[in-house]
Amino acid sequence: MEQEKNEFRFTEKPEVEEVNCDILIIGGGMSGAGAAFEACRWATPKNLKVVMADKAAVERSGAVAQGLSAINTYIGENDIDDYVRYVRADLMGIIREDLVKDLGRMVDDSVHLFEQWGLPIWKKDDEGHSMDGFQARDSGKALLKDGGTPVRSGKWQIMINGESYKAIVGDVAKKSLEYNAQATGQEQNLYERVFCTRLLMDANEPNRIAGAIGFSTRENKVYVFKANAVINGSGGAVNVFRPRSVGEGLGRAWFPVWNSGSGYAMGIQAGAELTLMENRFVPMRFKDGYGPVGAWFLFFKAKATNAIGEDYCDTHADEIHEQFAPYDEPMGTALRNHAAMVDMKAGLGPIMMHTDKAMQALEESMDAKQIKHLEAEAWEDFLDMTIAQAGLWAANDVEPNKVPSELMPSEPYLLGSHAGCAGFWVSGPGDIEGTPDEWSWGYNRMSTVNGLFMSGDVVGASGHKFSSGSHAEGRIAGKMAVAWCLDHEGYSPAISESIDELVAEIYAPMELYAKYKSYTTAPENVDINPNYIRPRMLQFRLMKIMDEYVGGVSTWYTTSATLLAEGLKKLEVLKEDSARMAASDLHELLRCWENYHRIWAAEAHARHINFREESRYPGYYYRGDFPGIDDANWKCFTNSRWTQEGGWEHKKVPYVELVPAPTPA
């Protein structure tokens with residue numbers, strides 16, 4: 001299918017509004033909220049204008065939108081070097097240790113702010129018993145910053161009452177933006193329901209960001225944002241691979257379905273260098289509802305077994321040690337997945353979590369009132385995060401305190417903040433001993449594109465940030481973006497591309513639909529048309545390609561050079577056909593652009609897996625032609641860059657250990 005020139009003959013041309021600012025933040029999730037808070041704090045006294053564009057509404061934007069029952073990164077009484085070791089061990093030995101250590105020394109400050117802003121955090125009472133956040137607050141327990149003792153569900157996790165977690169953090173970000181707007185004379189500096197499609201490069205300075213362009217999903221309007229610095233916090237990617245759930249359950253996923261890889265796609269097209277894009281996350285979750293298991297494992301001490309009651313991590317410990325040592329001590333997320341898959345392939349499924357036995361064991365040490373409260377918290381664990389799981393249990397007559405619940409590894413997700421580390425190669429802080437000079441080029445969290453900063457899921461080689469770490473990383477990027485602007489005063493963005501052409505590109509799907517819809521007798525209900533493809537159908541094609549050729553659930557996450565070569569061929573055809581996507585309204589236009597971005601993220605992922613000739617992440621993906629881990633050749637970062645002129649280029653970057661072993665249990 002060929003691209004047609006959009007001359008706005010069949011659809012109304014949108015209004016175009018230019019927005020000038022010093023710092024543009026794209027994305028209103030946890031990292032974007034952190035960036036807004038910190039950037040406005042330092043920018044406002046210097047009369048620098050800060051603007052945020054978010055495709056959602058900030059109160060419920062990003063991966064924390066529905067809420068959480070725990071903050072998964074809080075250092076507290078622990079050692080920061082141990083935090084680095086923990087992240088390194090779980091990500092199979094390769095991380096940017098300078099970025100992780102830098103995050104570790106900042107993250108607690110964000111958590112303390114959350115509590116000051118109103119987030120209820122569980123505490124220990126004087127007898128060492130657990131109090132939920134509201135009980136702790138009502139009884140006057142000290143704040144964390146004043147010495148309060150949190151309830152830990154694991155070494156790095158603390159329990160919260162988190163249904164309104166993002167609303168609390170988002171409200172502060174909005175107030176920070178209001179403060180900046182009033183002080184700098186801006187009528188508006190928060191643009192919600194605006195989807196950014198492209199980053200804009202400077203016409204006069206090579207490798208220099210100049211802003212971004214996006215469209216409103218509520219009115220016929222395009223925004224051209226011109227900025228001195230841009231902070232990209234627009235999330236990871238879901239629905240790149242075919243999900244396990246089908247039919248009415250197709251929209252269910254562990255990772256939020258609105259994360260469409262936009263942060264990856266826009267950065268790639270701007271020429272920013274990537275690292276470890278072969279990495280992905282495959283969470284083991286309650287089957288079909290994707291309900292969280294962390295609190296059940298860590299706080300309620302539930303055990304998971306195969307169908308005959310064996311602890312699969314124990315039964316396969318020796319063979320895993322033989323295959324994957326030293327990365328099995330401790331056995332991280334990927335290898336625990338691997339152990340479960342070995343049993344499922346051998347016919348020893350389903351994998352069951354014994355939620356019933358965990359609750360029964362707790363009843364032996366608690367009175368009736370404590371048990372009732374604990375059961376309520378166990379349910380809240382799902383209502384805070386995955387309401388669908390509670391509904392699914394109810395629909396299937398499952399009472400998890402009475403019967404075990406089935407677990408299943410999900411489809412893969414691309415991200416850099418949870419137990420994954422796919423993203424961009426960014427500058428580190430530069431002050432951590434032993435860090436190579438080339439890992440820092442002056443502005444912490446700036447990409448290899450001048451003025452373009454990264455935060456949250458799109459930062460590579462720095463996983464296990466979770467929500468609190470993403471907020472802290474956004475704050476780092478926000479402060480550094482202010483420093484960049486102060487060092488580059490007087491910069492005036494000059495856009496290298498025609499705005500008229502970019503606007504026509506954005507609205508091309510709506511023009512196609514309006515032009516050709518009469519070829520279909522019921523265009524609002526029928527997907528088939530000889531002249532265009534609807535975004536729903538194109539997304540199905542993408543997910544099928546990635547599932548079958550790039551290691552999805554249908555192949556037990558296994559791929560090879562020959563499969564990847566075929567998959568990349570099919571992605572090229574899909575990219576060509578994507579030029580004929582059609583949109584009947586602004587919502588469908590959003591879906592078209594999400595698909596464009598997913599394809600870029602998907603291609604980067606496939607090309608990186610092809611480049612790394614080993615199975616570095618067993619349990620997440622396998623190279624059938626290169627089984628096992630090859631430290632002699634591949635204990636390194638795999639970096640890439642795409643350019644309009646040269647296409648994709650890949651290279652190895654040496655791994656450097658900054659925090660000495662051993663890895664703690």
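1. Four strands make up an open sheet, ordered β14-β17-β16-β15, with antiparallel pairing. β14 (284–286) and β15 (304–305) are the edge strands; each has a single partner, so one side of each lacks a neighbour in the sheet. Strands here are DSSP runs of E with at least two residues, helices are runs of H or I with at least four, and both are numbered from the N terminus. Two strands count as paired if DSSP finds at least two bridges between them.

2. This is a predicted model: local features need pLDDT of at least 70, side-chain atom pairs count only at pLDDT 80 or more, and totals for chains, interfaces and linings use all residues. Residues are numbered from 1 along each chain as its sequence is written, and side-chain values use heavy atoms, without hydrogens and water.

3. β15 pairs with β16 (residues 351–353) through two bridges, in the antiparallel sense. Thr-305 sits opposite Met-352 of β16.

4. β22 (636–643) has two partners to check. It is joined to β13 (residues 274–275) by two bridges, antiparallel. Thr-275 faces Asn-639 in that strand. Eight bridges link β22 to β23 (residues 647–654), again antiparallel. Ser-640 is opposite His-650 of β23. β22 and β23 form a hairpin, with three residues between them.

5. Seven of the eight residues in β22 are buried, so the strand is largely enclosed by the rest of the structure. Buried means under 20% relative accessible area, exposed over 50%, and partly exposed in between (1.4 Å probe, protein chains only).

6. The second largest pocket has a volume of about 1,300 Å³. Its lining counts 42 residues; Arg-198, Gln-269, Glu-497, Glu-505 and Gln-644 lie nearest the centre. Elements giving two or more lining residues include β9 (194–201), α7 (262–269), α16 (499–516) and β22. α16 gives the most, seven residues. A pocket is an open set of points on a 1 Å grid over the protein atoms alone, where a 1.4 Å probe fits, with protein on both sides within 12 Å along at least five of seven lines; lining residues have an atom within 4 Å of a point. The volume is the space filled by probe spheres set on the points, which are joined across faces, edges and corners.

7. Glu-489 lies in the loop between α15 (466–487) and α16. Glu-489 is exposed, at 66% relative accessible area. Glu-489 and Asn-228 are 261 residues apart in sequence, yet 8.7 Å apart in space, C-alpha to C-alpha.
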